[in-house]
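The sequence and structure come before them.

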Amino acid sequence: MTRIAVTVNGARREADVEPRTLLVYFLREHLGLTGTNVGCDTSSCGSCTVLLDGESVKSCTLLAVQSDGREVTTIEGLATNGELHPMQQAFHEEHGLQCGYCTPGMILAAVSLVEHADGPLDEDAVRHGLEGNLCRCTGYHNIVKSVLAAQDSMRGAATPA
Amino acid sequence: MAQVKERYVGGGVLRKEDPELITGQARYIDDMTLPGMVWMAVVRSPFAHARITGFDADAAKGMPGVLAVWSGEDLASEWIGGLPCAWPVTEDIKIPTHWPVTKDVVHHAGEAVGVVVAETREQALDAAEAVNVDYEPLPVVLDMEEAAKDGAPLVHDELGTNRSYTWTLSNGEVDRVFSEAPVVVKERYYHPRLIPNAIEPRGVLVQPVASQGEYTIWSATQIPHVLRVTLAAFVLGIPESKLRIIAPEVGGGFGSKLNVYAEEAATVAAAKRLGRPVKWIEERSEAYMATIHGRDVIQDMELAATEEGKLLGVRATLLADMGAYLQLVTPGIPILGAFLYMGVYDAEVYHFECTGVFTNKTPTDAYRGAGRPEATYAIERAIDALGRKVGKDAVEIRRLNFIPAFSEARPVASGLSFDSGDYEGTLARALELVGYEDLRKDQAERRERGDAVQLGIGLSTYIEMCGLAPSQVLGSLRYAAGGWDAATIRVLPTGKVMVSTGTSPHGQGHVTSWSQIVADALGVSFEDVEVQHGDTAVSPLGMDTYGSRSLSVGGVALHHATQKIVEKARTIAAHTLEVAPEDLDYEAGTFTVKGAPDKAKTIPEIAFAAWTAHALPPDVEPMLEATHVFDPPNFTFPSGAHVAVVEVDTETGDVRVAKYVAVDDCGTVINPMIVEGQVHGGVAQGIAEALYEEASYDENGTLLTSSMANYAVPSAAELPSFLLDRTETPSTTNELGVKGIGEAGTIAAPPAVMNAVVDALSPFGITDLGMPATPERVWRAIHGGGGAGAAERAEAPGAGSGVGSAEAEREGGDR
């Protein structure tokens with residue numbers, strides 16, 4: 001067992017984990033943050049995407065010990081003071097989700113994409129920027145619309161992570 | 001709905017489902033933990049066909065946390081029978097016994113040979129790896145045409161054949177019409193084997209109440225009601241009344257969760273033996289082998305026509321790969337398309353025949369569209385081929401053959417009656433939207449200048465058969481269950497409304513759409529309607545969600561239940577207001593006395609009176625509650641016109657969908673936003689079938705496309721945005737006029753895309769190409785090397801190399 005201390009959604013969390021424990025299972029099973037989903041075992045689907053020090057990462061591909069001393073934002077930590085993040089709001093308004101299973105990962109990947117962009121993203125940039133996240137329900141049409149809609153409200157607004 | 005003021009129906013109401021889903025609060029099955037819960041893992045065969053000669057669990061049993069290791073033989077006493085096939089399509093169908101955990105012989109790679117239960121997920125998985133199983137490999141048969149031959153290795157020795165069934169439908173003097181017809185088109189098509197890939201894998205959690213012999217089973221399923229009946233009656237022998245099935249939040253299905261699976265039975269058995277809650281969560285690599293696959297059908301398609309191209313007859317002969325077992329509705333999948341091989345065209349005679357064949361591969365079953373994408377692909381590709389033969393373009397040949405617009409049910413060549421349709425109308429709108437004439441000009445210019453990137457335009461004027469289904473028809477097709485669905489509405493004394501529905505959504509937004517229907521009918525606010533589903537204790541009556549049936553059966557049941565509520569409320573209101581019921585007007589939740597509009601009662605007021613029951617009319621029971629079970633009198637027949645525009649890079653073989661227009665007619669629309677979302681997702685899956693996805697096996701029956709890393713589920717980067725519109729031809733099958741939209745895109749898109757690819761390649765003399773149109777296949781078609789024909793199948797030796805339609809591949813020039 002290895003002792004780690006991670007700041008998760010703004011709160012410092014300490015735990016003893018097996019060295020082989022993946023970050024996603026640390027979040028889900030040690031911390032009860034089940035909003036981060038597991039969809040594959042090959043780092044292909046992106047359902048498990050979280051932000052690590054503000055960068056989107058696939059939490060099934062990182063060991064929990066690699067997050068020691070760092071900051072993790074999960075879907076549970078994206079809204080602030082009960083206010084949905086603009087990306088969450090946009091997914092709701094643009095029907096950017098159906099079954100919702102890929103949605104937490106997709107939203108966090110999209111947040112990271114917009115925050116790290118040099119300027120406004122066009123449709124093509126959004127499509128390529130999200131190619132690590134698979135959705136089987138929406139055909140991506142409304143996901144792309146959601147991200148394009150959210151980026152305007154995100155610019156200038158203070159966002160977490 | 002005529003008297004109802006529509007405030008929500010038809011409007012783009014945002015989904016009630018979203019708040020939990022976008023904040024991570026939703027509870028999918030793997031999010032649930034029960035006190036004392038332990039984990040199950042499954043030991044699976046790496047062989048496609050083998051006899052188990054040893055099962056050594058000693059090492060596994062000694063590992064940390066391990067509570068039990070059981071072989072198929074160990075678990076045999078738990079089953080009263082094998083996993084059910086609910087659709088024995090013919091009287092003499094061959095159905096192999098399908099034990100949840102095999103006892104002696106494995107018939108496909110990934111089949112369960114044992115289970116392990118341990119304290120944690122990791123311990124269970126580690127121990128499953130440590131179980132030492134000895135196998136004696138047996139001959140495999142993977143190609144369905146080989147399997148159908150006499151002398152082929154047998155998948156199931158005891159059946160004496162690999163041919164499960166042959167199902168036939170014939171109308172009219174087919175042979176005479178075909179022999180006399182001036183024009184006959186013969187085409188051969190192959191539908192790749194597809195892996196459904198709902199993003200949430202399957203999972204089961206079972207809570208036993210040992211003292212009562214009761215089990216609560218949470219399963220990531222589309223069919224909690226069907227699962228309860230079948231598990232109880234056919235597999236476990238536990239009284240149905242002792243099983244409660246809950247489908248919690250379910251992360252997509254697409255047909256893959258429309259089944260009764262080995263792991264559902266095994267998890268119950270483990271919980272029963274250990275007296276503790278047991279959870280099993282599928283890994284994606286397991287899903288690829290142990291969750292059903294879709295399609296895998298060879299079609300010989302023949303059209304008879306006049307010299308000018310007027311259709312006279314349709315003859316479709318299918319070979320369908322069942323895989324190693326018949327799952328819940330495996331043999332019936334091709335039959336769901338059996339009535340649609342003439343598409344939206346008139347013909348005199350009709351013949352359909354399908355033979356189902358066993359191979360040593362994962363069983364096939366329902367995958368979005370289920371039988372209807374196959375039918376639509378065959379007729380929509382063949383009608384283009386007919387057009388080429390008689391010198392008419394894709395639009396002309398369709399217009400010549402369309403069934404004219406109709407608004408009353410009308411018989412068609414296959415023997416069904418279509419409910420309503422305007423096929424010309426949807427096509428006209430689609431051509432306008434896509435800018436058809438300009439595209440043809442662009443295409444001509446590119447051809448003229450020999451552009452490396454050629455343009456192709458493909459049409460698909462599809463029809464589907466949805467709203468499964470009239471129970472009597474299902475019975476005549478030998479389907480083991482009915483096709484009704486149910487809804488209960490309870491208006492609470494506070495005026496809030498509880499709805500329980502027999503449908504079981506997993507992304508389709510039923511809570512939202514059902515709330516719209518009820519809010520309008522009862523004049524309450526959308527927010528005041530609570531919809532419960534997916535739990536056999538909460539909504540005991542239901543037939544679940546598949547086959548685009550939820551709205552057109554379950555939603556219509558709900559509509560009828562609202563009418564029963566209104567009628568009961570009318571009786572109570574009349575009594576309270578001291579008038580005759582017929583002297584009341586009803587609109588938007590309020591009864592008013594004719595001629596005295598100040599005398600009024602609202603539904604919430606009446607609900608309160610019905611609850612106190614202080615002054616009800618004689619013979620009226622307390623509470624404002626109603627249940628309706630709706631059995632549809634006919635199917636519904638959504639239709640539409642899709643146009644795919646592709647750019648084909650003739651130097652690399654790369655195909656890109658440049659533009660995609662979908663004009664769908666799903667009858668009356670409850671929520672346009674949800675309808676459009678269904679079309680987007682369906683079209684994406686259809687494009688994926690045409691261009692990207694195909695399961696392939698090696699010669700030993702090992703699945704080569706074994707994970708998302710090597711099976712091409714498309715990402716956003718591969719797909720375009722879609723341009724959508726609708727026409728509305730209300731269904732005559734139900735009072736809401738709704739038809740269904742869940743599968744339309746998946747049904748329409750593959751032929752639209754493939755017709756477009758063939759169109760783009762026609763300057764090269766190519767008239768035929770197989771799915772998926774990968775860059776390699778396209779490049780080979782252009783630059784020679786063969787292997788491009790529509791009937792050509794996976795390159796893997798065991799899975800059908802050499803099957804091609806060489807003569808059809810290059811017919812020498814664009815006609």
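Q: What makes 2–77 and 86–154 of chain A domains?
A: Domain bounds come from an automatic or database domain assignment, and chain A is divided into domain 1 (2–77) and domain 2 (86–154). The model is predicted: local features need pLDDT of at least 70 and side-chain atom pairs count only at pLDDT 80 or more, while totals for chains, interfaces and linings use all residues. Residues are numbered from 1 along each chain as written, with chains lettered from A and ligands numbered from 1 in the order of writing.

Q: How many Å separate the centres of the two domains of chain A?
A: Taken over C-alpha atoms, the centres of domain 1 and domain 2 of chain A are 21 Å apart.

Q: Which residues of these domains are counted in the contact?
A: Two residues are in contact if their C-beta atoms, placed from the backbone, lie within 7 Å. The contact takes 16 residues from domain 1 of chain A and twelve residues from domain 2 of chain A.

Q: Why are β3 and β4 of chain A called strands?
A: Strands are DSSP runs of E, at least two residues long, and helices are runs of H or I of at least four, both numbered from the N terminus. β3 (49–52) and β4 (55–58) of chain A therefore carry strand names, and each supplies at least two residues of the side of domain 1 that touches domain 2. The largest share of that side, three residues, comes from β3(A).
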